[in-house]
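Q: Could we go through this structure together, one region at a time?

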2 protein chains.
Amino acid sequence: MLSEFGLFLGRKRNRYVVKNGNAKNEILSTDVEQLHILNPGVSLSTSALRLALSNQTLVVLGSRNGWPHGFVIPAKISGTIRAKREQFLAYHDFRGAVLAKKFASGKSFNQRNLLKLLWKNRVKTEPGLAEKMYKASEEVERLAREIDSIEGSSVDKIRTDVMNREARASKEYWDAVSNLFPPELKFPGRKTRGATDPVNAMLNFGYKAILFVECWKAVYYSGLDPYAGYLHADRPGKPSLALDLMEEFRQHVVDRVLFTIFSKKMLKIDEIMQFDEVKNQQRLSKQTIQVLIGEITGQLESEVAYGRNSGERCLMKNVIQNQSRALVSYLMNPSKEYDPFELAW
Amino acid sequence: MLSEFGLFLGRKRNRYVVKNGNAKNEILSTDVEQLHILNPGVSLSTSALRLALSNQTLVVLGSRNGWPHGFVIPAKISGTIRAKREQFLAYHDFRGAVLAKKFASGKSFNQRNLLKLLWKNRVKTEPGLAEKMYKASEEVERLAREIDSIEGSSVDKIRTDVMNREARASKEYWDAVSNLFPPELKFPGRKTRGATDPVNAMLNFGYKAILFVECWKAVYYSGLDPYAGYLHADRPGKPSLALDLMEEFRQHVVDRVLFTIFSKKMLKIDEIMQFDEVKNQQRLSKQTIQVLIGEITGQLESEVAYGRNSGERCLMKNVIQNQSRALVSYLMNPSKEYDPFELAW
């Protein structure tokens, strides 16, 4: 991630060269998985961009605390468009409905698992708090099972029911975990767009700037269209399949990391935000962004239990790619079930 | 188009700033429709890229004489994906077959029209040559009509028949127009990939670097997937819908311009190519590229007769966008026919 103002990204054969004033740093291009630019004051040489394109390295243009603005994509895509055709056809049949349920219940089951993990870790030290987590986990589990049992032959017929239960499960989850945030931060409950309270701003940064980009990339390079989803399909203009896929990873990749940042007191409460005079509002400080990038990227680079045979382990970032490929397999051949990633507790 | 080595593209509020050594040039961003970078030695500031993204200005990363390597695209798309869903569904029904025929016959009819135009302009001065054009135009017309009358319920069933006649029409066309190229250039007949003779290299540059990009952009911003076509659908990895749409514009936007460049002797024959020592082969000279960019871009910026009521006129670049929107209309509502652009003669 390039987040400093005034950087220059160049190329020297198969290496990227990052210049910062007189300081110069060379990195072998095959060691770079993604070029993520978080600052408008960075310069890119077109030969460096071409190197990225030839290595299938996604280049992301983003702002300091919001969505990515744009991507640099290759003019030629790899492989055929068969998977994409199935992706669109599936919207109208049972596959779309199955996937919408899987994404939503996968998310809710992971919220349950994270609540159970929080319960387990606190049951001796903070039994009162642990009890809240346990109760919430049971309600969230009940709703997750309800999502899985919704019947309907296409996603349009079941979406309202699914979204409804998913929202209720999320409310339970956020109400319970709000106890883990320092009370000074006045967490107002989960908010997505334009949130200016520290917790939501941190969550939104983690989801949008880091996890979403991983999911967009996985979906794009596995040959699917990031804009044609199932669960999120009713929001025009949105990269809805990338958002669909993101649901099952939010808890492990972002939420957990945030709880750790607070429990380990990695940030001073009054230094989380800084005032942005141009926009006349609070925004995440440079330091907060550095901690978030470091910790969430670390989580993506660390191993998790993965696969039907417990005991298998896989880097989290590869799990995201594998899940996207599993999505392709399911679309091409629905007898192969799609199992969302499950957070171990 | 930025084709000089060592340029820097920056931003100052809503203006692009192009720096070349000490020379500096500012351009209002809304006056720029496309940023096309043809040289690996250009630097781009991310704030200039963001300005382009917010204006829906396509940024194209290309090489000096080949395909574009990549595009900078916005992370959010405009509008819904309804058109894209129909695009994929249409592959399997009569709409895909109709469109494949329209693109192919549209191309052939324009080849016929250009042959008739060449006949008309030469019938008094070079009656022998004019006669060749006329004969070829009749054969091409016959094949174009055959394409339109092919019957079949889906594109897969008719593609071979369509491609066959389209190839025969193209052979007739290129055999006839080859008389317009200076004999010293030894035009070997039309070749696409890796052609190193001057005429094919110029044609390929015009199609790939300029016309294709206009078509890709039109298709992308009208909400369709540039990679899922009908006529070209059997070539994996190719931006086949952009290539499909391009067929009906090749003759007016590129071929005609090339005939003019030769008839007006705008280039010295022995300066068309230059030797590329790195690749150890001939390639288009800088001067040829400048002339091609100037003339073809001029053609895109000039008016043509357009629409069912003859007498209406429209800038060529807008015709391409309109045809892409007509494609969307047809996909959403096949009672609205899709009429390819027709070159007036």
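**A buried phenylalanine**

A: We may begin with Phe103(A), which has its place in helix H3 (residues 94–122) of chain A. Helices (H or I, at least four residues) and strands (E, at least two) are DSSP runs, numbered from the N terminus. The model is predicted: local features need pLDDT of at least 70 and side-chain atom pairs count only at pLDDT 80 or more, while totals for chains, interfaces and linings use all residues. Residues are numbered from 1 along each chain as its sequence is written, chains are lettered from A and ligands numbered from 1 in the order in which they are written, and side-chain values use heavy atoms, with hydrogens and water left out.

Q: Is Phe103(A) buried or exposed?

A: Phe103(A) is buried, because its relative accessible area is 0%. Buried means under 20% relative accessible area, exposed over 50%, and partly exposed in between (1.4 Å probe, protein chains only).

Q: How far apart in space are Phe103(A) and Thr125(A)?

A: Their C-alpha atoms are 34 Å apart, and the two residues are 22 residues apart in sequence.

Q: Changing topic, how many residues does each chain bring to the contact?

A: Chain A brings 48 residues and chain B brings 47 residues. Together the two chains bury about 4,000 Å², with 62% of it on carbon and sulfur atoms. Buried area is the accessible area (1.4 Å probe) that two parts lose on being put together, summed over both.

Q: How many salt bridges are there across the interface?

A: The rule finds two salt bridges between chain A and chain B. One salt bridge joins the side chains of Lys84(A) and Asp225(B), at 2.8 Å from N to O. The term stands for a side-chain nitrogen of Lys or Arg within 4 Å of a carboxyl oxygen of Asp or Glu.

Q: Which element gives the most to chain A's side?

A: The elements of chain A that give two or more residues to the side touching chain B are strand S5 (43–45), helix H1 (46–54), strand S6 (58–62), strand S7 (68–74) and helix H2 (82–90). Of these, S7(A) gives the most, with seven residues.

Q: What does S7(A) pair with?

A: Five bridges join S7(A) to strand S7 (residues 68–74) of chain B, and the two run antiparallel. Within S7(B), Phe71(B) is the bridge partner of Ile73(A). Two strands pair if DSSP finds at least two bridges between them.

Q: Now H1(A): how many of its residues are buried?

A: Seven of the nine residues of H1(A) are buried, so the helix is mostly covered under the cut-off for buried. Among them are Thr46(A), Ala48(A) and Leu53(A). After H1(A) comes Gln56(A), whose phi is positive, near 55 degrees.

Q: Where does Lys84(B) lie, and what does Lys84(B) touch?

A: Lys84(B) lies in helix H2 (residues 82–90) of chain B. Its relative accessibility is 8%, so Lys84(B) counts as buried. Not counting residues up to four places away in sequence, Lys84(B) touches Phe88(A), Asp225(A) and Tyr227(A), as well as Gly223(B), Leu224(B) and Asp225(B).

Note on methods:
Contact means heavy atoms within 4.5 Å.
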